[in-house]
Amino acid sequence: MFSRAGTLSCVSDGMQYGWTAPVAPRLLSRDSPVQVTGAQAEWLETVLMLGACCGLPLTMLLVDKIGRKASLIGSSSATLLAWLMMALAPNIELMFVARFLAGVAGDTAFVAAPMYIAEVADQKIRGFLSSIIYLMMLMGVLLVYCVTPFVPLWVPCVIGMVFNGATLLTFPFMPDSPYYLLYTDRPEAAQRALQRLRPADDVDHELAQIAAAIKRQKGEKGRPQDILLVKSNRTALLIMVWLNASQHMSSISVMLMNLHSILDEAGGRYIGSSTAAILFSLLMLGAALSASALIDNFGRRALLVTSGVCAGLSLGVVAAYFHAKHAGIDVANQSWLVPAAVLFYAAAFKFGIGLVPIVLTAELFPARMKALGMTLSDAFYVGFSVISLQIYHQLRKRLGIHVPFYIFACWCFCT
């Protein structure tokens, strides 16, 4: 229950993430309520991730100063305001401001939510509960794909506000992290919180374990430079930098934010782009559910390897199809390959590359390095999201859409 309450606003964050795919074509149409150019539509994607980049220092400060729970409450409040601005925006400039604010808030939630869940969950099911964050985000993507093409543009904004409002009504009554409470020298509050989290257990032993771990980790050096100078911290950082970069360099941001236009460019006549987008998000959700059930039994590495190979093959097929089309070859009868490969990619990506990093992020860093380590990892996560979007848009215009997909496929195999 506590993990669901802590991740409910992630549905709204997922809606923000997938919002441009169905909305951008409508904003570029003649009957758009807001006049938008093609370049401005592309910036609606990028400005969300730029907001996340700029929110990194704030995130690092908040999770340690006010705690994981308070950070999530603040994030939900900011995202609710962003949805309200988007619903009422009379011009593109206000939409940019709203998307930037949503990016800042989403970054805070992306760091605070896995920390909160990892610190309140029982160790036996920590991997499964941590993966709930992505499941909630996928539900948000699915929701925005299902609703937005068929209703006025303010309707998904209202739906997003409902999820944030539900978080603000329920989450303040949830216990704070016992780990954080002990770390800030509040043992009585930590015991009460742990008793609420483990009502059927004697919590004294677990509380003593947490206290011992914190005491040991506080005794270690906690200087910022130790993230690079201490071998274990450096190894954890390198792992998380690569995996967080891989999530975007395997094209997920490009797919989620441009899926409708990619499918339309393929010229498919077998399935509509809106239908394929809904199936795409459904397959991601199903794959994430399967991986969540397997992650604590089969391990993180096996899921990553399987996911990387399958996602790379899928993107290779997409690249080859667009390469043939770019070369002037008649591929009309093979246009089914792109939606088929994209749908297979959806399942492959979420089976490992799209799920495992968020679980590992909260597990690899010690207490004194956790906020800094997770924030630096997140910096590469949002940084590479901007890079991947620019690689896609710039290379698509200059060399053809197949070139960025070849790059994304190679990155999957390297992962």
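V309 is found in helix α17 (helices are DSSP runs of H or I with at least four residues, strands runs of E with at least two, numbered from the N terminus). At 39% relative accessibility, V309 counts as partly exposed, because buried means under 20% relative accessible area, exposed over 50%, and partly exposed in between, with a 1.4 Å probe and protein chains only. The structure is a predicted model, in which local features need pLDDT of at least 70 and side-chain atom pairs count only at pLDDT 80 or more, while totals for chains, interfaces and linings use all residues. Residues are numbered from 1 along each chain as its sequence is written, and side-chain values use heavy atoms, without hydrogens and water.

The mean pLDDT (the predictor's confidence in each residue, from 0 to 100) of the protein chain is 83, and 91% of its residues reach 70 or more. Among the elements of the chain, the highest mean pLDDT, 94, belongs to helix α21 (residues 402-414), and the lowest, 54, to helix α1 (residues 2-7). Where pLDDT is low, the predicted coordinates should not be read in detail.

V305, V309, L313 and F413 make a nonpolar surface patch of about 370 Å². Patches consist of residues with over 30% relative accessible area and no salt bridge, like charges being joined within 9 Å and nonpolar side chains (Val, Leu, Ile, Met, Phe, Trp, Tyr) within 5 Å; accessible areas come from the Shrake-Rupley method with a 1.4 Å probe, and for residues only the protein chains shown count as cover. Helix α17 (residues 300-326) gives the largest share of the nonpolar patch, three residues.

Apart from neighbours within four places in sequence, F280 is in contact (heavy atoms within 4.5 Å) with M255, L256, L259, V342, L343, Y345 and A346.

The count of salt bridges (a side-chain nitrogen of Lys or Arg within 4 Å of a carboxyl oxygen of Asp or Glu) comes to two. R396 and E42 form a salt bridge at 3.6 Å, N to O; R396 lies in helix α20 (residues 367-398) and E42 in helix α4 (residues 38-54), 354 residues apart. In the salt bridge of K397 with E42, the closest N and O atoms are 3.3 Å apart. K397 is in helix α20 and E42 in helix α4, so this pair ties together parts 355 residues apart in sequence. E42 is buried, at 17% relative accessibility, whereas R396 is partly exposed, at 25%.
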